[in-house]
Amino acid sequence: MSFLSNLFHFHQSEDSADLTLYAPASGTLLPLSEVPDIVISEKIIGDGVAIMPESETIYAPCDGVIARLLSSKSAFSIRTTLGLEVYVSFGIGSIELAGKGFSSEVKIGDTVKKGDPILQVNSAAIANKLKSTVISMIVVRSSGDIEKLTSASGSCVAANTPCVWVNLKHSDEKETTS
């Protein structure tokens, strides 16, 4: 077993996934069920992982194009070359802050690489104004033909720790003959 397999609880090999997402921030990985927002915890828009952050920079979890950037600068999505949309949001209640305490390093349509800085958060300015500072990273359910999504748990390092693996449904490419 590799060092990472021992340190984190992996159920998926990076090599067998169609898409691997990396931690958008350093901190502790949590299941979405622990996010105090019913839309996220019940996986209404999709599945993924949450992070209790220990850093103020939120990075791109994968390569792609910025498809959405909320005016509050507290959430964004990246569209991958596979057509999947990965939505990353900071905090519960951050939209009501109307951008106060947040800044963006990108704009809609920008091409980004895994590990590029996307958002900056001034935690000291907003921490007492939010219900939670948890970061949610969700693969949007309607964006692709997802067969399985697997999440890791444990500590994570921004842009370095693989934490979500997505497997897509593939049509059988082999023809059988009788």
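Start with the big picture: select the eight strands that form an open sheet, in the order S9-S5-S6-S7-S11-S3-S2-S13, with antiparallel pairing. Here strands (E, at least two residues) and helices (H or I, at least four) are DSSP runs numbered from the N terminus, and two strands pair if DSSP finds at least two bridges between them. Now click on strand S9 (111-112) and on S13: they stand at the edges with a single partner strand each, so one side of each has no neighbour in the sheet.

A quick word before moving on: this is a predicted model, where local features need pLDDT of at least 70 and side-chain atom pairs count only at pLDDT 80 or more, while totals for chains, interfaces and linings use all residues. Residues are numbered from 1 along each chain as its sequence is written, and side-chain values use heavy atoms, with hydrogens and water left out.

**Strand pairs**

Stay in the sheet and select S3 with strand S11 (residues 132-140), an antiparallel pair joined over six bridges. Find glycine 46 and look across to valine 140 in S11, which stands opposite.

Next, pick strand S10 (residues 117-121). Strand S4 (residues 57-59) runs antiparallel to S10, with three bridges joining them; look for isoleucine 58 opposite leucine 119. S8 also pairs with S10 in the antiparallel sense, over three bridges, and there serine 103 has glutamine 120 as its bridge partner.

**Rings**

Which two rings make up the one aromatic pair? Select phenylalanine 90 and phenylalanine 102: their ring centres are 5.7 Å apart and their planes at 70 degrees, so this pair is edge-to-face. (Rings of Phe, Tyr and Trp, the last by its six-membered ring, pair if their centres lie within 6.5 Å; planes under 30 degrees apart are stacked, over 60 edge-to-face, and the rest tilted.) Phenylalanine 90 lies in strand S7 and phenylalanine 102 in strand S8 (residues 102-104), so the pair ties together parts twelve residues apart in sequence.

(Buried is under 20% relative accessible area, exposed over 50%, partly exposed in between, using a 1.4 Å probe and protein chains only.)

Now hop to tyrosine 22: the charged end of lysine 114 sits over its ring, 4.4 Å from the centre. (That takes NZ of Lys or CZ of Arg within 6 Å of the ring centre and within 35 degrees of the ring normal.)

**The largest pocket**

Select Asp37, Ile40, Tyr87, Ser89 and Ile95, which lie nearest the centre of the largest pocket among its 14 lining residues. Helix H2 (38-41) and strand S7 (85-92) are the elements giving two or more residues to this lining, and S7 gives the most, with five. The pocket's volume is about 200 Å³.

(On a 1 Å grid over the protein atoms alone, a pocket is an open set of points where a 1.4 Å probe fits, with protein on both sides within 12 Å along at least five of seven lines; lining residues have an atom within 4 Å of a point. Points are joined across faces, edges and corners, and the volume is the space filled by probe spheres set on them.)

**Last stop: a loop**

Go to lysine 43, in the loop between H2 and strand S3 (46-53). Its phi is near 55 degrees, a positive value in a residue other than glycine. Lysine 43 is partly exposed, with a relative accessible area of 33%.
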